[in-house]
Amino acid sequence: MTRYPRDMRGYGANAPHPAWPNDAKIAVQFVLNYEEGGENCILHGDKASEAFLSDIPGAAQWPGQRHWNMESIYEYGARAGFWRLHRLFTGADIPLTIYGVATALARSPEQVQAMKDAEWEIASHGLKWVEHKDMPEEEERASIAEAIRLHTEVVGTPPRGWYTGRCSANTVRLVAETGDFDYISDTYDDDLPYWLEVGDRDQLIIPYTLEANDMRFATAPGWVTGEHFGQYLTDAFDALYAEGEAGAPKMMTIGLHCRLVGRPGKVAALKRFIDHIQSHEGVWCPRRVEIAEHWASQHPHQRRARPSQMDRATFVAAYGSIFEHSPWIAERAFDLELGPAHDCAAGVHNALCRMFRTATEEERLGVLTAHPDLAGKLAAAGRLTAESTSEQASAGLNLLTDAERETFTALNTAYVEKHGFPFIIAVRDHDKASIMAAFQRRIDNDRATEFAEACKQVERIAQFRLMDLLP
């Protein structure tokens, strides 16, 4: 079997209402990345200088050398940018979440004390601000453990949130496996928190952002002026705020860096954006850990059986009867490339229908002939499947008058004689009268037209059955 690990479904069309505190229409969360002193530098034991997220156009690493200009740009973030942002946010009474690189925090005791005095959350941003994509799994696991140890030593308390940023495909799993974190933010895939099952661990994910992020002052395509950045933030906020007013509140995250938006020409736009959100009612500006606490309290995770994680026998037992007396369809569907997107009614339905549609005409005819006559002898004798019994009863076909039963019997007989399979209709789309009208209309179709229509109705019946079982 082939299983696809990426989740392309998420909450689907029906995201949960977050129930933010005080019925807030939006949660706006500011993150300040503190990386200065944790970046690539041969003074830190690295092989080359830093080349990422600076004001040096086209910067490249210098192997074996210090890059004095790059170092001084990072130093600006610690020496000046941090304090400018500290004054802005403490003055606005908005608490921050710090993504703190452990080695950077260790080299900035005064800034750490200011973070703590302001009661900002200090989450972990890893041990060093370096690339992890090529890091062997055991080395990355050891780096995570050392980041937690050093962070706890420097800050005085262990981190409750984690964001690596320059992560590997293993990062989220390795961090979750520690069991130490209220949330992980190494994803960008939703407007709301969600739960991720990692082995026995139910790990809360609070997605981060790379678009409402001042990093785009240093990347292409990016912001040219602070006004561009500020206008983007305002547009994003206004759109999400309108969704909240319409009854679907979301979360907005803004990512900041001391050495980027901490510059005078950029911070002014951030100040205007803060003024803008503070002019609105129903805006909650929490630390990230408060979002985690709220979500865990209001939306605790509940595990359920997931089709993409079932073994073959369980999958066929669960879905082998969706297409009437035709378990071979579920057998074949199990071998498709299933994934989290198939852990719902629409997903399993699509997989089963693919196998039905690609079956031979003889096999599909077998599915059609497996269906009982509507209100026929099997129904009268109580020999229908549980699904068929319920479906026919929902349209009142179990309560026919003698005259109605005679009419159905006559139509069934004539229909089968003409087409070679019973009349099939998704009765949950109809009532008794509309079923009778469809029966009388369709009996005159040619066989090819009616075969196609019957197959369509079989798929519709399967859809209803799966909706009874899955979200």
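Guide: Ask away, and we'll set each value against its definition.

Visitor: How do you know how far to trust the model, and what was counted?
Guide: This is a predicted model, with residues numbered from 1 along each chain as its sequence is written. Local features need a pLDDT of at least 70 and side-chain atom pairs 80 or more, while totals for chains, interfaces and linings use all residues, and side-chain values use heavy atoms, leaving out hydrogens and water. The pLDDT is the predictor's confidence in each residue, from 0 to 100. Here the protein averages 91, and 94% of the residues score at least 70.

Visitor: Where does pLDDT stay under 50?
Guide: That happens over residues 377-383. For that stretch the model has five contacts beyond four places in sequence, a contact being heavy atoms within 4.5 Å.

Visitor: Why is histidine 86 called buried?
Guide: Buried means under 20% relative accessible area, exposed means over 50%, and partly exposed is in between (1.4 Å probe, protein chains only). Histidine 86 has 16%, so it counts as buried. This histidine lies in helix H1, residues 68-92; helices (H or I, at least four residues) and strands (E, at least two) are DSSP runs, numbered from the N terminus. Not counting residues up to four places away in sequence, histidine 86 touches Ala114, Ala118 and Trp120.

Visitor: What makes aspartate 214 buried?
Guide: Its relative accessibility is 0%, so it counts as buried. Aspartate 214 is in the loop between strand E8 (201-205) and helix H6 (226-245). Beyond its neighbours within four places in sequence, aspartate 214 is in contact with Trp223, Phe229, Gly255, Leu256, His257, Leu260 and Val261. Aspartate 214 and leucine 260 are 46 residues apart along the chain, with their C-alpha atoms separated by 6.6 Å.

Visitor: Why does asparagine 22 count as exposed?
Guide: Asparagine 22 has 79% relative accessibility, so it counts as exposed. You'll find asparagine 22 in the loop between strand E1 (2-3) and strand E2 (26-34). It has a positive phi of about 60° although it is not a glycine.

Visitor: Which residues of H11 are buried, and what covers them?
Guide: The buried ones are Ala345, Gly347, Val348, His349, Ala351, Leu352, Cys353, Met355 and Phe356. Their cover includes helix H9 (312-319), helix H10 (327-334), strand E11 (337-338), helix H12 (361-370) and helix H17 (447-467).

Visitor: Why is arginine 354 called partly exposed?
Guide: Arginine 354, also found in H11, has a relative accessible area of 38%, so it falls in the partly exposed class.

Visitor: What makes a space a pocket or a cavity?
Guide: On a 1 Å grid over the protein atoms alone, a cavity is a set of points where a 1.4 Å probe fits but cannot get out, and a pocket is an open set with protein on both sides within 12 Å along at least five of seven lines. Lining residues have an atom within 4 Å of a point. Grid points are joined across faces, edges and corners, and a volume is the space filled by probe spheres set on the points.

Visitor: How much space lies in the largest pocket, and which residues are closest to its centre?
Guide: The largest pocket holds about 1500 Å³. Of its 37 lining residues, Asp7, Tyr194, Trp195, Leu196 and Pro340 are closest to the centre. Helix H5 (171-178) and strand E7 (194-198) each give two or more residues to that lining, and E7 has the largest share, five residues.

Visitor: How many cavities of 30 Å³ or more are there?
Guide: A search of the whole structure finds two.
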